Amino acid sequence: MAQQNGMVERRGAGLWLTHVGLLVGIAFIFFPIWLAFVASTVEQQEIVRPPMPLLPGDQFFSNYARALTSGVNAPVSTMLLNSMIMAIGISLGKIAISLLSAFAIVYFRFPARRLFFWLIFLTLMLPVEVRIVPTYEVIANFGMLNSYQGLILPLIASATATFLFRQFFMTVPDELAEAARVDGAGPMRFFFDILLPMSRTNIAALFVILFIYGWNQYLWPLLITTDPEMNTIVMGIKQMFPSGDDTADWPVIMATSILAMVPPVLVVVGMQRLFIRGLVDSEK
Amino acid sequence: MEKRVKFKGLWLPILLVLPQFLITAIFFFYPAGQAIWQSLFIPDPFGLSMQWVGLGNFEFLLADRYYRASFLTTAVFSILVTVVSMGVALYLAVLADRLVKGSGTYRTLLIWPYAVAPAVAGVLWLFMFNTRVGVVTWYLGLLGYDWNHVLNEGEAMGLVVVASAWGRISYNFLFFLAGLQAIPRSVIEAAAIDGAHFWTRFRTIVFPLLSPTTFFLLVVNIIYSFFETFGVIHTITSGGPQQATTILVYKVYADGFVGQDLGSSAAQSVILLAIVSLLTVIQFKYIERRVHY
């Protein structure tokens, strides 16, 4: 039957045009990344005498090895490690403290509960960019400049995740808590044996979103890591550009850019379902 | 909404909220309070004492030509980023929605730039348009166009807009595609039977039914272009040339950390804070109305 695909979908020439339109869009999105990849596989000479080639060269291993082991200011492998610690620290830290406080808010009656809830709500509004100067002073006073705590703590001081877990806990049937109580299980037993396993998918989805959020931070690491050994990879790239008129080491810079993209891209593509779920959840 | 079943205890729940409470108090409420407090003072040049100026910092800011220019720059920048990224995303989503097979593959191909940090996107676009080695610059030169975003304000703005919008297309695409796929096929087919062609259907049925998604994305994208584009601006133009790309967030950083003008920077933070709160209220009010997307 000719109408098998429904009557509003494209067939024949129209179908091809649709594919072409999509491919043009994909080409537009891929082109900058392709160019960066090509630049990371050729020699500096081929870049500084434009136009640079549009197909990869044979310097892949030497450029990436040079970036990973020596870089420009600090080896990129060090920066990758810093980014990894920061991203995982932010994700796990935020998930842990949010799970605990959401549990308290939903399953207990305690005096300042309502107040606490509103304090949480307030934090949903203010991104770190707005309060950078005073937050910097706090970190400096604690002696946390150039430290992992300094990189992580201010970025988990927001309650988006608490809000999310609260919404989820509200949908958990009351019978479960009741049954747990009848069976003589204490609140923490209920939390670890029932609530936590039930929240697995939510936790994983949130982890994906927070990991990317943490990995891609720029302004905060820029302010508090003056020591190149503590730079994260995303903010370290800009530091690789020489000041003044010197020519940038493009192959190494572009290799670093590619390396900076690989972990979060793998997370998004590999965990697509969780990623989309996390995205929709965290915007609700 | 309340749970029927509650556990007993007073110290346990307090212990449970304590970690979050402490971290939020120290790293959120205290600095936010400090920002408001500092905005009412001017520190002396040696940083030894603070002088109370009331709303002086705000008056000074609002009279400042550069600050007002930065407002305008931010407005132009965020509107352009929002329109470009949403426009391209909607176009791609409409195409992908027309496919019976393969829209999943296209989705996979289109979503991953979401993972590219704004600062990295900035470096990629800077490389293409670099005045000395950029490929695009070179080919534009062949066509007789002399690209120089380091000197030309319009070109600088264009470049930061495209670089910021580029990384945002995936996000908007995902939400638009989900929105489109939620529209009942039968409605569209009924219109097709009545003889409405694609463009008519899109204008009179699809777009109106998509409006909750569009509105939601509008707010989210404006917030994105206000704050998360700092990395793009810092890597490509550093706010230049002649502050042509100094958006408000960049100015808080430039005045506070580079210029060391703490009072003014704090006052700017407070103004930004007011703007975000307003946007967030709009967003929440809209979600309160239980519009589904």
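**Figure 1. The two domains of chain A sit with their C-alpha centres 32 Å apart.** The bounds come from an automatic or database domain assignment, which gives domain 1 as 12-69 and domain 2 as 76-283 in chain A. Where they touch, 16 residues come from domain 1 of chain A and 13 residues from domain 2 of chain A; two residues are in contact here if their C-beta atoms, placed from the backbone, lie within 7 Å. On the domain 1 side, helix H1 (12-39), helix H2 (44-48) and helix H3 (60-69) of chain A each bring at least two residues. H3(A) gives the most, with 6 residues. That side of domain 1 splits into 9 nonpolar, 5 polar and 2 charged residues. As for the classes, Ala, Val, Leu, Ile, Met, Phe, Trp, Tyr, Cys and Pro count as nonpolar, Asp, Glu, Lys and Arg as charged, and the others, Gly among them, as polar. A word on the source: this is a predicted model, in which local features need pLDDT of at least 70 and side-chain atom pairs count only at pLDDT 80 or more, while totals for chains, interfaces and linings use all residues. Residues are numbered from 1 along each chain as its sequence is written, and chains are lettered from A and ligands numbered from 1 in the order in which they are written.

**Figure 2. Chain A and chain B, each on its own.** Chain A has 15 helices and 0 strands, whereas chain B has 13 helices and 2 strands; helices (H or I, at least four residues) and strands (E, at least two) are DSSP runs, numbered from the N terminus. Chain B has a radius of gyration of 24 Å, well over the 19 Å that the globule rule gives for 293 residues, so it is more spread out than a compact globule.

**Figure 3. Where chain B touches chain A.** This contact takes 83 residues from chain B and 85 residues from chain A. On the chain B side, H1(B) gives the most, with 18 residues. That side of chain B holds 63 nonpolar, 14 polar and 6 charged residues.

**Figure 4. Helix H4 (residues 76-107) of chain A crosses helix H1 (residues 11-38) of chain B at roughly 135°, with the axes coming within 8 Å.** Axes are lines fitted to C-alpha atoms, for helices over the stretch in contact, and angles run from 0 to 180 degrees between N-to-C directions. That angle makes H4(A) oblique to H1(B): angles under 35 degrees count as roughly parallel, over 145 as roughly antiparallel, 65 to 115 as roughly perpendicular and the rest as oblique. Among the residues making the contact are Ile97(A) and Phe103(A) from H4(A), along with Leu16(B) and Ile23(B) from H1(B). By class there are 9 nonpolar, 3 polar and no charged residues.

**Figure 5. Helix H6 (residues 132-141) of chain A packs on H1(B) at about 125°, with the axes 8 Å apart.** H6(A) and H1(B) are therefore oblique to each other. Here Val133(A), Pro134(A), Thr135(A) and Val138(A) meet residues of H1(B) including Phe27(B), Tyr30(B) and Gln34(B).

Key: The radius of gyration is taken over C-alpha atoms; the globule rule is 2.2 Å times the number of residues to the power 0.38.
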